[in-house]
Amino acid sequence: MNEERLAFLKTVTPFNVLSEDVLRGVVDLLQEIRHPKEAVIHLQDESKMRGVEIVVEGEYETFFYDSEQNKRVIEYYRRGSCYGGVSILLNKKRSIRTVIAKKGTLVYFLHRHDFKALCQAYENFFHYFTARYGQRMLDDEYAHFVKPSRAPEENAIAADQFYSRRIEAIEFRDLVTCPQDAPVYEAARAMAEGKTSCLFVTDAQSNVIGYVTDITLRDNVVAQQAPTDSPVASIMDAPVLSIESTAYVYEALLLMFRTKTRYLLISRNGEYIGFISRNKLLSDQGQSPFVFIQSVRQALSVNELKRRWEEVPKMVYQLLNRGVRAEIVNQVITAVADTIALRVIEGVVVEMGPPPAKFVFMVLGSEGRKEQTLLTDQDNAIIYEDKANEHREEVREYFLRFAEIISDRLNSIGFSFCEGGYMAKNHKWTHSLSHWKRNYQEWMAESNPDTVMKFSAFFDCRYLYGEPSIMAELKEFMNQELQGPLDSFFFHMTKNALQYEPSLTFFRNIRTFARGNQQVFNLKKTMTPIVDLVRVYALKHRIFLTNTGERLEALWHEQVFTEKEYHELLHAYYYLMGMRLKKQAVQIINDRTMPDNYLDPNKLTKVEQVTLKEIFKVISDFQVRIKVGFTKSLY
């Protein structure tokens, strides 16, 4: 038997680097273990490894579980494969992956004390495991799941990256330069045109020899009454400090504080590739969402805006886990999304030149309600003022092109195109004010089931950019129209909202449907009847707030809802919103998958399941009430 084992070990990497005498000693230490079919041998980051296991017969299936219990990065360990060495050496003895034994699996087990003794005595043996780990970590998906297990809320926005994030991984500014003999006023003009607070001065060989900032101009020119036609070299600050792009963020900040400099050149392979400011680095480290939003306002490129939007899921998870209410988290997401959209719109206005007419860029649907989640698309439209016939085509052509550029850039940032086409780039949704008035008039006066289903999102419209008076005029028009006889409009709006049945069975169990290997329900559809029915009540009472929570509060003050009804609906809606946001954040952060709205109730605690059932009951009672109020029946 021992000779058999010896012959086998000679074929196993890395044991084959050991001498025969050493291998004979190892053979005596091996234990033979058989595993039943489909036995779970180890759980990722939970099972403590007693030792390493060498597969002799059968196979190990190894993988990571994501939050949906989907298997990720599946690998098979067959005859001659060794599992557990990396986990013992580099993961605090915890199994890096989940391991399941297949039919007929036999392994040789070597205790971790003996394994570690081999690692200490034989460098080549030890290096095999560390090198294998390094190679696997080059796989981005593998590396993602191997990260030390810690709650995403500990990451804040970039807090845990402070000591691990490199300069090259952050957004830095391109250099704006001028020659040393350029007059001061030309330097100031270059700063204004480049929208930079720091300009670098170069010599005849294009070497950077100094810099000029807003403070330089204040202290060395204005305060000294220096002539603005003097050479910029005479008033510049020096020397210029630089740092390699591979340096860490904390190194850059320490250098800045130590030298009292506010700007650093960034070098790569001996060349300057940009610069970074102290304010930029400090704002990137800030954990406050308000500091984060300010950093979005200061973003200067579409790529930087995209990077900012990609950081939002971490912030959302952090806020929710700190106990911040879901309605406040919605406001934070909305503030970030609005700021990004405004930066895009402002940039396009600068590029295309002044618009040929006053206009409003408005947002609709969840954007309009300030209830965006992390699974969001574009819903927007443009209203421009009516112009004389001879300018009508010119105006329309401008705004269609304007809308197309904005929509394309928002899509590249992460706000995907609306599948239904409810975007300003669609010629249907960029029109004059008079055309928009006709739209709303037709939707209300000639209402049918199809129109209310298609166009209900347009009754959640919200001003974002442009001339506020245009939006005010449209709202006043709607106010007048809603005072007319609109029984059919409200009937169909209500019928549309009542199509959803709460996911509760007769026996008060949560009704689910199959999706893949899970039984789930749809969180978005669960919330929709509250959104739709509150909208109906708001329009009926001519309340032009768009946010569901704000509408509910206004309806309570109008005594449409009792205080009890108001609080029940508000709690139900934002409890579901919180679950939805956290679910989506986990999918993006932990699983690196596109977020969705499906939830498996079996993954919830008993308290969460009971709370959900109570919420479904609240929604059901709400639907009964509106059936009586608007459809005069209890069918």
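Tyrosine 537 is buried, at a relative accessible area of 6%. The model it belongs to is predicted.

**Aromatic pairs**

- The structure contains 43 aromatic pairs.
- One of them joins phenylalanine 64 and tyrosine 142: ring centres 5.4 Å apart and planes at 75°, so the pair counts as edge-to-face. The cut-off for that class is over 60 degrees.
- Phenylalanine 64 belongs to strand E4 (residues 60-65) and tyrosine 142 to helix H6 (residues 140-146), so this pair ties together parts that lie 78 residues apart in sequence.
- Phenylalanine 64 is buried, because its relative accessible area is 0%. Tyrosine 142 has 6% and is buried too.
- Tyrosine 537 and phenylalanine 622 make a stacked pair, with 6.2 Å from centre to centre and 15° between the planes. Stacked requires planes under 30 degrees apart.
- Tyrosine 537 sits in helix H20 (residues 523-540) and phenylalanine 622 in helix H23 (residues 606-631), so the pair connects parts 85 residues apart in sequence.
- Phenylalanine 622 has 5% relative accessibility, so it counts as buried. The limit for buried is under 20%.
- Ring pairs also link a cluster. Its members are Tyr422, Trp429, Trp436, Tyr440, Trp443, Phe455, Phe458, Phe459, Phe489 and Phe490.

**Charges over rings**

- Phenylalanine 64 has a charge over its ring as well: the charged end of arginine 97, 4.7 Å from the ring centre.
- Lysine 582 places its charged end over the ring of tyrosine 317, at 5.9 Å from the centre.

**Helix H15**

- H15 covers residues 389-413, which is 25 residues. At 1.5 Å a residue the helix should span 36 Å, and its end C-alpha atoms are 37 Å apart, so the two values agree.
- Its buried residues are Val395, Arg396, Tyr398, Phe399, Phe402, Ala403, Ile405, Ile406, Ser407, Leu410 and Ile413.
- What do the buried residues of H15 pack against? The partners are helix H12 (302-321), helix H13 (326-352), strand E15 (359-363), strand E16 (380-384) and strand E17 (430-432).
- Glycine 414 follows H15, and its phi is positive, near 140°.

**Valine 344**

- Valine 344 is placed in helix H13.
- Its relative accessibility is 4%, so valine 344 counts as buried.
- Beyond its neighbours within four places in sequence, valine 344 is in contact with Leu305, Ile406, Arg409, Leu410 and Ile413.
- The C-alpha atoms of valine 344 and isoleucine 405 are separated by 9.1 Å, although the two residues are 61 residues apart along the chain.

**Second largest pocket**

- The second largest pocket holds about 1200 Å³ of space.
- Its lining has 38 residues, and those closest to the pocket centre are Arg369, Asp377, Asp379, Lys524 and Thr528.
- Which elements give two or more residues to this lining? They are helix H14 (365-368), helix H17 (449-455), helix H19 (487-497), H20 and helix H22 (563-591).
- H20 supplies the largest share of the lining, eight residues. H20 is also the helix that holds tyrosine 537.

Terms used:
Residues numbered from 1 in each chain as written. Predicted model: local features only at pLDDT ≥ 70, side-chain atom pairs only at ≥ 80, totals over all residues. Heavy atoms only, no water. Phe/Tyr/Trp six-rings, centres within 6.5 Å; stacked < 30°, edge-to-face > 60°. Helix = DSSP H or I, 4+ residues; strand = E, 2+ residues; numbered from the N terminus. Buried < 20%, exposed > 50% of the residue type's maximum accessible area, 1.4 Å probe, protein only. Lys NZ or Arg CZ within 6 Å of the ring centre and 35° of its normal. Expected span 1.5 Å × (residues − 1). Contact = heavy atoms within 4.5 Å. 1 Å grid on protein atoms, 1.4 Å probe; cavity = no way out; pocket = protein on both sides within 12 Å on 5 of 7 lines; lining within 4 Å. Points joined across faces, edges and corners; volume = space filled by probe spheres on them.
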